[in-house]
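Please read them with the structure open beside you.

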Amino acid sequence: STEREITPFEGVHALEKMGVEERTTLYEDGCRSIARGALAVLLLAGGQGTRLGSSAPKGCYDIGMPSLKSLFQYHAERLLRVRSLAANFTGVDVARGGLPLL
């Protein structure tokens, strides 16, 4: 077998390696993009949780979070928070279509 080295995608940068100014610019650009309705989110379910002993999708499985939230709920709430941050930054009511969940 031939071993291959795993390399990151081109154009992907680690936030911890960026300066404050570059991170700030990316944050602001992201907020504006959300406010314009230029972005959407696709959350993939990953199949049934039968190996976990559940008949529900894996995203509904109880992973033992203190909040008792499913992974779907956890990620949906994070997306709502991002949308709220974008609305606060831009002054645009992004609840009317910014960052739809596909």
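**Notes on the fold and its side chains**

1. Contact range comes first. Take the contacts in the protein chain between residues at least 6 apart in sequence: 46% of them join residues at least 24 apart. Bear in mind throughout that this is a predicted model.

2. Secondary structure is quickly listed. The protein chain has 2 helices and 0 strands. The chain is more spread out than a compact globule, because its radius of gyration is 18 Å, well over the 13 Å that the globule rule gives for 102 residues. Along the principal axes, the C-alpha trace spans about 45 × 45 × 25 Å.

3. Burial and surface go together here. Of the 102 residues, 15% count as buried; the cut-off for that label is under 20% relative accessible area. The protein chain exposes about 8,200 Å². Carbon and sulfur atoms supply 56% of that area.

4. Helix α2 passes a simple length check. It covers residues 71-90, which is 20 residues. At 1.5 Å a residue the helix should span 28 Å, and the end C-alpha atoms lie 29 Å apart, so the two values agree. Just after α2, Gly91 takes a positive phi of about 75 degrees.

5. How many salt bridges does the structure hold? It holds 2. One joins the side chains of Asp29 and Arg32, at 3.6 Å from N to O. Both residues sit in helix α1 (residues 20-36). They are 3 residues apart, so about one helical turn separates them. In general, an α-helix has 3.6 residues a turn, so residues three or four places apart point the same way. Asp29 is partly exposed at 38% relative accessibility, and Arg32 is partly exposed at 39%.

6. The other pairing is Lys69 with Glu77. Their side chains meet in a salt bridge at 2.4 Å, N to O.

7. A nonpolar patch deserves a look. Leu42, Leu44 and Leu102 make a nonpolar surface patch of about 380 Å². Where is Leu44 found? Leu44 lies in the loop between α1 and α2. Leu44 has 68% relative accessibility and therefore counts as exposed, since the cut-off for exposed is over 50%.

Terms used:
Residues are numbered from 1 along each chain as its sequence is written. This is a predicted model: local features need pLDDT of at least 70, side-chain atom pairs count only at pLDDT 80 or more; totals for chains, interfaces and linings use all residues. Side-chain values use heavy atoms; hydrogens and water are left out. Helices (H or I, at least four residues) and strands (E, at least two) are DSSP runs, numbered from the N terminus. The expected span of a helix is 1.5 Å times one less than its number of residues. A salt bridge is a side-chain nitrogen of Lys or Arg within 4 Å of a carboxyl oxygen of Asp or Glu. Buried means under 20% relative accessible area, exposed over 50%, partly exposed in between (1.4 Å probe, protein chains only). Patches are made of residues with over 30% relative accessible area and no salt bridge: like charges are joined within 9 Å, nonpolar side chains (Val, Leu, Ile, Met, Phe, Trp, Tyr) within 5 Å. Accessible areas come from the Shrake-Rupley method with a 1.4 Å probe; for residues, only the protein chains shown count as cover. The radius of gyration is taken over C-alpha atoms; the globule rule is 2.2 Å times the number of residues to the power 0.38. Contact means heavy atoms within 4.5 Å.
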